[in-house]
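The exercises below concern one protein model. Look through the sequence and the structure before reading the solutions.

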Amino acid sequence: MAQQYRITLLPGDGIGPEIITVAVQALTVIGKQFDLDFSFQEALIGGSAIDATGSPLPEETLKLCRNSDSVMLAAIGGYKWDSLPRHQRPETGLLGLRAGLGLFANLRPATILPQLVDASTLKREVVEGVDIMVVRELTGGVYFGEPKGVFETESGEQRGVNTMAYRSSEIDRIGKVAFETAQKRGGKLCSVDKANVLEVSQLWRDRITALAADYPEVELSHLYVDNAAMQLVRAPKQFDTIVTGNLFGDILSDAAAMLTGSIGMLPSASLGADGPGVYEPVHGSAPDIAGQDKANPLAQVLSAAMMLRYDLNQPAASDRLEKAVMTVLDQNYRTGDIMSEGMKLVGCQEMSDVLLAAL
Ligand code: ATP
Ligand code: MG
């Protein structure tokens, strides 16, 4: 009997609905090939949820997500909701989803595909062959530590406060995800902190170092975040898997993404202890091109491939989907964001057609 999977789809805003459709079509084909029975259920999040219900994350959406095997999210936000107060914006729906599902690990690959080397702003010899996975802690650190706020001092001055804090259990669980990820990849893990200045970073370094004993086949190194930023731009090929806290991970994963120069190609996964993960492109809702059939759906498709690998444990199906993406690039099909001379410019729908043909 076919293996059954319930997938919640969160199309969101902007180009979201266009690109998630392509991933669903691709998964449907993959399902037939690998005898996987996907049932898709759609739910509201972000700006479109605000318009329909007044809330960026309706209770119903969270419930559906919790009751599914995996969640595929497209993109959230747009000009229309930019003037709302911060706590009512579409993006708060995403924070609520992460918290509601306990997603503490964010995995962001930055891979330079041979077909797109020239999209990078760095020299070919620097970026060719780069294949990095950034594992970012997502629910702790300075974004959530207490105390936080803007307080009045005794002298009547205002004082803004955030607190970078990690408990050992929080470091251990993200560390385990990182070591296991490194084990499945190139076997190298670089932990990034600021242990020369920050006490919280010293604890981070100690715990990660202690964990290494459980993973003798993974080669562990440590870098201070300033040096890591420099090395990432200077010689990115030295990295395999990087693990770091919430703030440093936010910055380094964007820097790593920009090495590739192709925002429309980058997937991500956010994982919890158990229960469904959330799979989404790194890019935003691209309101400037929404509804024009110009969006690159491949980051969404590669996110679906990550879902097959990490949540559904179907590595062969994941490989097949990734290979189909390579095939359409080898056939020189390009959406506008990755277009270069001599290539064939296609829209979102045509990219979908050639991808399905490749599958
Ligand atoms: P967010 O704050 O949600 O990350 P953003 O404004 O930082 O959003 P994006 O929405 O990712 O950034 O858009 C940045 C630029 O990249 C835009 O010009 C957009 O059109 C382009 N872009 C983003 N994603 C894609 C895609 N999948 N295909 C084509 N172009 C894209
Ligand atoms: Mg952005």
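**Exercise 1.** Which elements do the buried residues of α1 pack against?

Solution. This is a predicted model, in which local features need pLDDT of at least 70, side-chain atom pairs count only at pLDDT 80 or more, and totals for chains, interfaces and linings use all residues. Residues are numbered from 1 along each chain as its sequence is written, while chains are lettered from A and ligands numbered from 1 in the order in which they are written.

Step 1: helices (H or I, at least four residues) and strands (E, at least two) are DSSP runs, numbered from the N terminus.

Step 2: a residue is buried if 20 or more other C-beta atoms, placed from the backbone, lie within 10 Å of its own. In α1 the buried residues include Gly16, Ile20, Ala23, Leu27 and Ile30.

Step 3: with contact set at C-beta atoms, placed from the backbone, within 7 Å, these buried residues of α1 pack against the strands β1 (3–12), β2 (36–42) and β3 (70–75), and against the helices α10 (298–310), α11 (315–330) and α12 (348–358).

**Exercise 2.** Check the span of helix α1 (residues 16–34).

Solution. The expected span is 1.5 Å times one less than the number of residues. For 19 residues this should be 27 Å, and the end C-alpha atoms are 27 Å apart, so the two agree. Just after α1, Asp35 has a positive phi of about 60°.

**Exercise 3.** How many helices and strands does the protein have, and what percentage of its residues is buried?

Solution. The protein has 12 helices and 14 strands. Of its 359 residues, 46% are buried.

Notes. A residue is buried if 20 or more other C-beta atoms lie within 10 Å of its own, exposed if 12 or fewer, and partly exposed in between; C-beta atoms are placed from the backbone. Two residues are in contact if their C-beta atoms, placed from the backbone, lie within 7 Å.
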